[in-house]
Every structure is written in structure tokens, then in C-alpha cells.
Amino acid sequence: MRYENFKNHQIKRTCKERFDKYPKYKPFLREDFQERCCYCNMSSELLTISYHVEHFIPVKVFQGKKDTLLTEYENLMWACPKCNLSKGDKYKGDFQGSSEIENELFYNPVKVDYNDIFIRNEIGGIDSEDAKGREMIKLLKLYRPIHNLAWLVERLEKMALNLEQAAKKETDPERNRLLNEAAGKVALECVKKSKLFRAAYNGQQFKEIDYD
């Protein structure tokens, strides 16, 4: 069941530069992908570790055969570490017989609107009614609870901000007090869930998380 859209932004390619090393594209990828993983849509602001430059057609596949793909901007994606590692060298297609950047196992997130492929269910899980989309969920491990938790943290952040803004506009003293109190409680819960999320993403044991 669709609870809300998968993402609220559009990926675009704006870089006109040509670099000899693909890491040099990082600032452009970060901006073009709006600091979100191209596959799971997780915001890089949630993590304390760097996002990866991901090759849609994997390096292991084209290396020594079509090395121009190493620094071809159209082949570079902005991905969170878990999605990049899960995708790995998975590939199906004929990159040598085509000028298109295609990988038959995955929808190209720049060319295909993932809102047409994926949905967020009522608990923040990533789901799909599309056959290829369901396979992508398996291949990228988008079924992992960490993605639900990331979704929850972002919703709490937005809720706290909305409550704070409502409190600033409220002229009734009692309602203002209640709104500020609610905003504080939601913000505190957001901090707790953020700590849990980062610890889980980085592979720490839950017992190591400090909630104070």
C-alpha cells in the first residue's frame, strides 16, 4: 500500500567538466543528486561517513574493455555505502555494443523516475509493484530495516520543524506552550532515533548506543 512517494526531488546532470579521475566529480554528483543516495534515497546528512561514487556499469565489467566508462559522468552515481556495496559488480547487458549507459538489472535512476517504481509503505519500508523493481529491492537489499529507520528519522525532523514553525505563529499563550512542548519532545525522539540509526548503519551493537 502506498503511504507516500518514494522521493521528492529530481536527479539531473549539470556537470560540463571532464576530469581524469572520477573522485573529482564528487561535488557535482552531490549537488545533482541533491545529497541523496540514487537507489534508496537516503540523505547523506544522516550519516557521519562519506557517500560513494558508484559506477552504474561496474568497473570490474568494463575494465580493459571500455575504460572511458571509468570517468564518464553519465556512468557515475551518488550512492550510500550500503547500496554501493550491495550493488557491487552486478551487471547484465552489452556495454560494448551500445553507447547508452544501461544495466538491465537496474533502472537508471537518472533516466527513470523511481516514484514510478518504488513506494513507501505505512511503516517506511521500500516496496514495489513492478517486477524489476522487486528484484532491485532484493539485489540492493532495500528491504533492510535501516531504510525504515532512516525514513522515520527524516519524518521526525520534519515534524519537529513544523511544530516549531507553528509555535512561532501561535499568539495564544497556552497553545504556544503546548506546541513548543510537543516540538521539544519530537526533537528529543529524533535525536535518539538518529543515534540508533547511525550506530546501526555503522555496524555498532545497540548496547553501545548512548541515549543521554
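Biologist: In what order do the elements of the chain run from the N terminus on?

Modeller: This is a predicted model, in which local features need pLDDT of at least 70 and side-chain atom pairs count only at pLDDT 80 or more, while totals for chains, interfaces and linings use all residues. Residues are numbered from 1 along each chain as its sequence is written, and side-chain values use heavy atoms, with hydrogens and water left out. Helices (H or I, at least four residues) and strands (E, at least two) are DSSP runs numbered from the N terminus, and the chain has six helices and five strands. From the N terminus on, these elements run β-α-β-α-β-α-β-β-α-α-α.

Biologist: Which residues of helix α4 are buried, and what arc do they cover around the axis?

Modeller: With buried meaning under 20% relative accessible area, exposed over 50% and partly exposed in between (1.4 Å probe, protein chains only), the buried residues of α4, which spans residues 131-140, are Gly133, Met136, Ile137 and Leu140. They lie on the same side of α4, because the arc that they cover around the axis, taken from the directions from the helix axis to the C-beta atoms, is only 105 degrees.

Biologist: Against which elements do the buried residues of α4 pack?

Modeller: Contact here means heavy atoms within 4.5 Å. The partners of the buried residues of α4 are α3 (81-87) and β5 (126-127).

Biologist: Which residue has a side-chain oxygen that reaches the backbone nitrogen of Lys132 at the start of α4?

Modeller: A polar contact is a pair of N or O atoms within 3.5 Å; within protein, one must be able to donate a hydrogen and the other to accept it, and residues adjacent in sequence count only if both atoms are side-chain atoms. At the start of α4, the oxygen that comes to within 3.1 Å of the backbone nitrogen of Lys132 belongs to the side chain of Asp130.

Biologist: Is His9 buried or exposed, and which residues does His9 touch?

Modeller: His9 is placed in the loop between β1 (4-5) and α1 (26-32), and its relative accessible area of 12% makes it buried. Not counting residues up to four places away in sequence, His9 touches Phe33, Gln34, Arg36 and Asn41.

Biologist: What distance separates the C-alpha atoms of Glu104 and Ile57?

Modeller: Glu104 sits in the loop between α3 and β4 (119-120) and counts as partly exposed, at 46% relative accessibility. Although Glu104 and Ile57 are 47 residues apart along the chain, their C-alpha atoms are separated by 9.8 Å.
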